[in-house]
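This report looks at helix packing and nonpolar cores. The structure comes first, then the details.

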Amino acid sequence: MKLDSSKIIDILLREHYVSEDDMARAKEYVKTHNVLITDYLLSEGIITKDLLGQAVAEALDIVYADLNSHRATKDQVLRIPEDVAREFRVVLFSEDDSSITIATDDPGKEGLSLKLKEVFPNKNIIIAYSLSDDVEAAFMHYRKPLETRFAKIIEEKKKIAPEIIDEMIQDALSHKASDIHFEPEESDVLIRFRVDGVLQEAGMIPKEYFENILNRIKVQAKLRIDEHNSAQDGSIRYKTDDGRKVDLRVSLVPTLNGEKIVIRVLAEYMRDLSLTNLGLSGQNQAMLEAAAKKPFGMILVAGPTGSGKTTTLYALLKTINNPEINITTIEDPAEYKIPGISQIQINTNTNLTFSKGLRSIIRQDPDVILVGEIRDEETAEIAVNAALTGHLLLSTFHANDAATAIPRLLDMEVEPFLLASTLELVIAQRLIRKICEHCRVSLSRDDQSVQKGLSGIPDKFSDQIKNLYKGKGCHICGDTGYNGRTAVYEFINVTPEMENLILTNPSKQELWKLAREQGSISMFEDGLSKVSSGATTLEELLRVALPPEE
């Protein structure tokens, strides 16, 4: 059933969920950005998920089942066979002697009522609407522990390689894991998933089965099965049970106990990301959008591996992408495909490097260029010259903070006057785990663990924290208290005063001092606002960022 977005907007306004002014700003924003109006309203906190769900239900003229606040129990979920639940997107919401309420995010699906009558022949069935995320969260009850699935496959003495690999990938996707690790030990192989940036044990495989698994992965990734003493890299295009295609990057390295495998899962988790839901403050987002509207110049995103730099730049590309401009990228690898953009992947076997590829791109009449990473002096020089000659250039850079990136570029023998003329914005970022919304509770500042955390930071920062929260742990977050990630940022805007300072070949301290005077805040301070709002915990913030030395 296709929803009429204008009808949803009318309901949001009529029921005073959204003010006329907020809706006008939202409509103005989506004119120039590739986002849905509901995504903007949610990301700005103008409406909640449940208010949106109620509005959609009203647009469909059915009741709303709030699976977010009234989560279905495991017994409720298992009352409907898994194949039926997944095909028709249904969850048992409530039940009495004569009737049963079924929540779904697709109430118009053909055959839904007939199928439900087969499952519940003696009940009056009420169809209710629920949000897709909440329906998907309920489906976690169908997932059995990895060890249980492994044990069953091994017990049946089948050829286990394909079954275990498929189960692993499906489970990694359901947990939104970014990596799968196969770590050989003396008698077993430990399987770990990286979820929200943290490795978690997922199960064990007896080592006697590992060779078959290893060989199958090598064949699928087009790697040499007779090579055991060298590192190898490959890729797999995997098709899920529901028809989705997922790209897997495979890395093998030899260890004392055998070959270790790490599979990077390049699923489409970030397809819906936009600048409005990356965790940017309003001020920082406005600064980034202003820099991206300029016809030339350079925007750099700094941080270590795995800090979300590429995701930020992809979200920016999605925002500025339109048929009137030519956007070309050169990446290693091109992790996500973006419609309407020419993406090039470097290939050392054919001598296609960042520097050589960048030289070729400039001859392709681009308006915007994304260079996956500035790694060497040659790439830095070409990038700066491209930004100087009428191109908007976006790139990532390995540096611990925004102020460090500029001296490092100068150390790569980029001329200060060229850098000052081209650099528009430097961003540094880290990824940080979000508190699970399903089990978040507030904390008292008098709590002993809170006092311990506050004692580790200067008073001027602890005084900025108005509220503290944590996740108790639930089935949704795997009892970790965290679910999903956001980012903490620091921005240096290259003003005329900053340009003059760059000409003097300044130190990191001199750059940050001026940036502070012009309103920049550190990643730690950006994180403090997320702690106060309940997005993350103080403990998590201190894990990824330290108070600035000032």
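A nonpolar core is a set of buried Ala, Val, Leu, Ile, Met, Phe, Trp, Tyr and Cys residues joined through side-chain atoms within 4.5 Å. Buried here means under 20% relative accessible area. The model is a predicted one.

**Cores**

The largest nonpolar core holds 59 residues. Within it, Leu393, Leu419 and Met498 touch the most other members.

Which residues does Met498 contact, leaving aside its neighbours within four places in sequence? They are Ile492, Asn493, Leu511, Leu514, Ala515 and Gln518.

Two packed pairs are set out below.

| Pair | Residues | Angle | Axes apart |
|---|---|---|---|
| α14 and α15 | 354-362 and 377-388 | about 20° | 9 Å |
| α16 and α21 | 402-411 and 508-517 | about 135° | 8 Å |

Take α14 and α15. Angles under 35 degrees count as roughly parallel. These two helices pack at about 20°, and are therefore roughly parallel to each other. Their crossing is left-handed. From α14, the contact uses Phe354, Ser355, Leu358, Arg359 and Ile362. From α15 come Glu378, Thr379, Ile382, Ala383 and Ala386. By class, this contact has 6 nonpolar, 2 polar and 2 charged residues.

Now α16 and α21. Their angle is about 135°. The pair is therefore oblique. The crossing of α16 and α21 is right-handed. Helix α16 supplies Ala403, Thr404, Ile406 and Pro407 to the contact. Helix α21 supplies Lys508, Leu511 and Trp512. The classes are 5 nonpolar, 1 polar and 1 charged. Leu511 of α21 touches α16 in this way, and Leu511 is also in contact with Met498.

**Helix α22**

Is α22 enclosed or open to the outside? Of its 11 residues (523-533), 9 are buried, so the helix is largely enclosed by the rest of the structure. The buried residues are Met523, Phe524, Glu525, Asp526, Gly527, Leu528, Lys530, Val531 and Ser532.

What covers the buried residues of α22? The cover includes strands β16 (423-435), β18 (468-471) and β19 (482-493). It also includes helices α19 (459-462), α21 and α23 (538-544).

Just after α22 comes Gly534, with a positive phi of about 90°.

How values were computed
Residues numbered from 1 in each chain as written. Predicted model: local features only at pLDDT ≥ 70, side-chain atom pairs only at ≥ 80, totals over all residues. Heavy atoms only, no water. Axes fitted to C-alpha atoms, helices over the stretch in contact; angles between N-to-C directions. Helix = DSSP H or I, 4+ residues; strand = E, 2+ residues; numbered from the N terminus. Parallel < 35°, antiparallel > 145°, perpendicular 65-115°, else oblique. Left-handed = near helix turned anticlockwise from the far one by under 90°. Contact = heavy atoms within 4.5 Å. Nonpolar A, V, L, I, M, F, W, Y, C, P; charged D, E, K, R; others polar. Buried < 20%, exposed > 50% of the residue type's maximum accessible area, 1.4 Å probe, protein only.
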